[in-house]
Amino acid sequence: MPLPIPISKDLRKLLAFGSGVGVEISGVDLEVVAARVRPSRISVLGRLTIANFAGRPAAEWGAEYSRFLKSLGASHLSATVLLPRREVIVRQVALPGVAPKDIESAIRFQLDTLHPYGDDEVSCGWSALPYGAVLVGIVRRSTVDRYHQLFTEAGIPVSSFTFSAAAVHAAIRLNGRLNGAASGAGFIALSRSAAGTVEVYGESQSRPVFSAEFDLAPERATVLALSELRLPPDTAPLKLEAVLPKPDVNPVANDLSRNALPYATALAGACPRFAPSANVLPREHRRLSSRTAFIPTIVLAALVLLSAVGVTVYSSYADRKYLRKLEAEIAQFEPQAQRVSTVDRQMSEMQARARALDQFRQQTRRDLDALNEITRLVEPPAWISSTSLTRDTVRITGEAPQAPPLLKILDSSPL
């Protein structure tokens, strides 16, 4: 069971948003109330009494329940079921100094001392109370399984099995305030059960929650409750519907003086995060089909999508920014690069000119070497009358006794 979210009362009221269906097992009947909670108003969508549900086929009254929710546009909601008082053992356990994450372990540690069921398997749930206390509800596991099987056969998804003290305590604090009662001084509130007994709910500084059923006159029940709560004897009792958040829209058929408990259960189921009530239904059987249960997933998916878009946009922006910076750097050094290119080109031209001058200076030496070689090769009686030299040819005019030997001699010269 999560602890109430520690936020201010005004902010809690603004964040109160959801819808719930409360089902009270009242004798042989089921009292069903559907409510919608918004920050500015609370609306009771409708009320239904399913008569003699235990003596009818589950599919029959389950279809009646489904038609009722469908007519309200609330067929997606899971039910919060209020178990009969006689089926639940309620205890208040003081756990001063226990860290929130260790509360459940502390309750489990002393669970065997909190109920009279001996070795029978039990199911328990808890909700936080002021002054370091917790409200613990304990039910036989066989009872929980029986009701779960019954609602499953009827096709009714159930998110919570709770009890009257936890449901009323959660509903009162739905909007972060008490409606018409001073929480600091304490109060008691009375209502009539389906069996005609007096149901008493109260709160005080000495006892955070008191809930009991008396087969007595209201005056006598009030005296006993004031004694348990250690409130002044002259404390005037309130009606239970007076301490619950007042609905802005309420059908005429939903008389809160007779149907306060299913109304409180619906409010507790509408905003379980802001007004958590003890839930004795095992986690593996809870059906969270309310659309509000998908809000965290949708928000997380939206955040992931926004993050992905942000990363993509930022990456593109960073690339453009880096490109602009590079272009600015290039523009800054481009004149120097052009000057270097000009100098390189000028150096290449000067080197080409130097090579041309060197080649020109070497031409005379090569011409003289060629003439000296011709003079050495052409021996008398052969003689030369004229010689013409170019860069790649030599033209010789003269006479020799035989031409072929002279050609061989000329071809053998490397010059």
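Trainee: Is Asn52 buried, partly exposed or exposed?
Mentor: Asn52 is partly exposed, because its relative accessibility is 37%, and the cut-offs for that class are 20% and 50%. Keep in mind that this is a predicted model.

Trainee: Where is Asn52 found?
Mentor: In the loop between strand 3 (42–50) and helix 2.

Trainee: Buried or exposed?
Mentor: Tyr131 counts as exposed, because its relative accessibility is 57% and exposed means over 50%.

Trainee: Switching to aromatics. How many aromatic pairs does a search of the whole structure find?
Mentor: Five. One of them is Trp61 with Phe151: the ring centres are 5.9 Å apart and the planes are at 85°, so this pair is edge-to-face.

Trainee: Which parts does that pair tie together?
Mentor: Trp61 lies in helix 2 (residues 58–71) and Phe151 in helix 4 (residues 141–153), so the pair links parts that are 90 residues apart in sequence. Both Trp61 and Phe151 are buried.

Trainee: And what does Phe151 form with Phe161?
Mentor: An aromatic pair that is tilted, with 6.3 Å centre to centre and 55° between the planes. Phe151 is in helix 4 and Phe161 in strand 8 (residues 158–162), so this pair ties together parts that are ten residues apart in sequence. Both Phe151 and Phe161 are buried.

Trainee: Which residues form the aromatic cluster?
Mentor: Phe53, Trp61, Phe151 and Phe161 form one cluster.

Trainee: Now charges over rings. What sits over the ring of Phe17?
Mentor: The charged end of Arg38, 4.1 Å from the ring centre. The charged end of Arg146 sits over the ring of Tyr147, 4.6 Å from its centre.

Trainee: Last topic, the surface. Which residues make the nonpolar patch?
Mentor: Val299, Leu303 and Leu306 make a nonpolar surface patch of about 290 Å². Leu303 lies in helix 9 (residues 295–377).

Trainee: What is the relative accessible area of Leu303?
Mentor: It is 46%, so Leu303 is partly exposed. Patches are made of residues with over 30% relative accessible area, and Leu303 at 46% is over that cut-off.

Methods: Residues numbered from 1 in each chain as written. Predicted model: local features only at pLDDT ≥ 70, side-chain atom pairs only at ≥ 80, totals over all residues. Heavy atoms only, no water. Patch = residues over 30% accessible without salt bridge, like charges linked within 9 Å, V, L, I, M, F, W, Y side chains within 5 Å. Areas by Shrake-Rupley, 256 points an atom, 1.4 Å probe, with all protein chains shown as cover. Salt bridge = Lys/Arg side-chain N within 4 Å of Asp/Glu carboxyl O. Helix = DSSP H or I, 4+ residues; strand = E, 2+ residues; numbered from the N terminus. Buried < 20%, exposed > 50% of the residue type's maximum accessible area, 1.4 Å probe, protein only. Phe/Tyr/Trp six-rings, centres within 6.5 Å; stacked < 30°, edge-to-face > 60°. Lys NZ or Arg CZ within 6 Å of the ring centre and 35° of its normal.
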